[in-house]
Amino acid sequence: MDTRSDAENSPLLSLFAALSYGIASMAMVFINKAILMQYAHSMTLLTVQQLATALLIHFGRKFGYTKAKGIDITTAKRLLPVSLFYNANVAFALASLKGVNIPMYIAIKRLTPLAVLIAGFFSGKGKPTTQVILSVLLTAAGVIVAAAGDFSFDLFGYSMALTSVFFQTMYLVLVEKSGADDGLSSVEIMFYNSFLSLPFLLFLIIATGEFPNSLSLLFAKVRIFAHFL
């Protein structure tokens, strides 16, 4: 009886998970776009996001809200290249949102399956089914048609979005080929990505001159927002 009940609930749970992912993904794009329209320092924004993520998971682990393990040096070394590609993807994605409208940003990011397909072909991965190839090619063709009719075309924004697609592809391929995430939960991978990225991101915001002015501006924006609350 329990087995049958689980089998019946599984499609519903899968549908709920898919809908939740879609809503969260769309909300993230709109929120990031809204923030970047008011606060242009995308690298500082990424640094703060990663710091907040690392702290939330750390304290969540301390207070028993998550079973994520602490930092292991051997695992950290194995995940370092993966973390760099992950953060490069996020950094270029945020930069692209400065110049690309949301529908086109979402469309360009749909090129990732095509890029993964091509990367898998050259890396010796097994050939996918014809249906998968045709669906991916059809999606890519739709992106090209949409881009051709984009009257707000921004070369910088498109370049950043396509670069983000490249790094996301490299991230996915590297994770699959290296097995770097074996034995780790999604929360633990997120924790390692956040922790390992912080020194690199701090160096970047200092080297590019964003810091400390970007931080002062961020605190000013937060005070203005808190005033309206």
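Rings of Phe, Tyr and Trp (its six-membered ring) are taken to pair if their centres lie within 6.5 Å, and a pair counts as stacked with planes under 30 degrees apart, as edge-to-face with planes over 60 degrees apart, and as tilted for the rest. In this predicted model, local features need pLDDT of at least 70 and side-chain atom pairs count only at pLDDT 80 or more, whereas totals for chains, interfaces and linings use all residues. Side-chain values use heavy atoms, with hydrogens and water left out, and residues are numbered from 1 along each chain as its sequence is written.

Under this rule, the count comes to 4 aromatic pairs. One of them joins F85 and F167, whose ring centres are 6.0 Å apart and whose planes stand at 45°, so the pair is tilted. Because F85 lies in helix α3 (residues 73-96) and F167 in helix α7 (residues 155-178), this pair ties together parts that are 82 residues apart in sequence; helices here are DSSP runs of H or I with at least four residues, numbered from the N terminus. F85 counts as partly exposed at 25% relative accessibility, while F167 is buried, with a relative accessible area of 19%, where buried means under 20% relative accessible area, exposed over 50% and partly exposed in between (1.4 Å probe, protein chains only).

The rings of Y86 and Y171 have their centres 5.7 Å apart and their planes at 55°, so this pair is tilted. Distant parts of the chain are linked by the pair, with Y86 in helix α3 and Y171 in helix α7, 85 residues apart. Y86 counts as partly exposed at 24% relative accessibility, and Y171 as buried at 15%. Ring pairs also link F85, F92, F166 and F167 into a cluster.

How values were computed:
Helix = DSSP H or I, 4+ residues; strand = E, 2+ residues; numbered from the N terminus.
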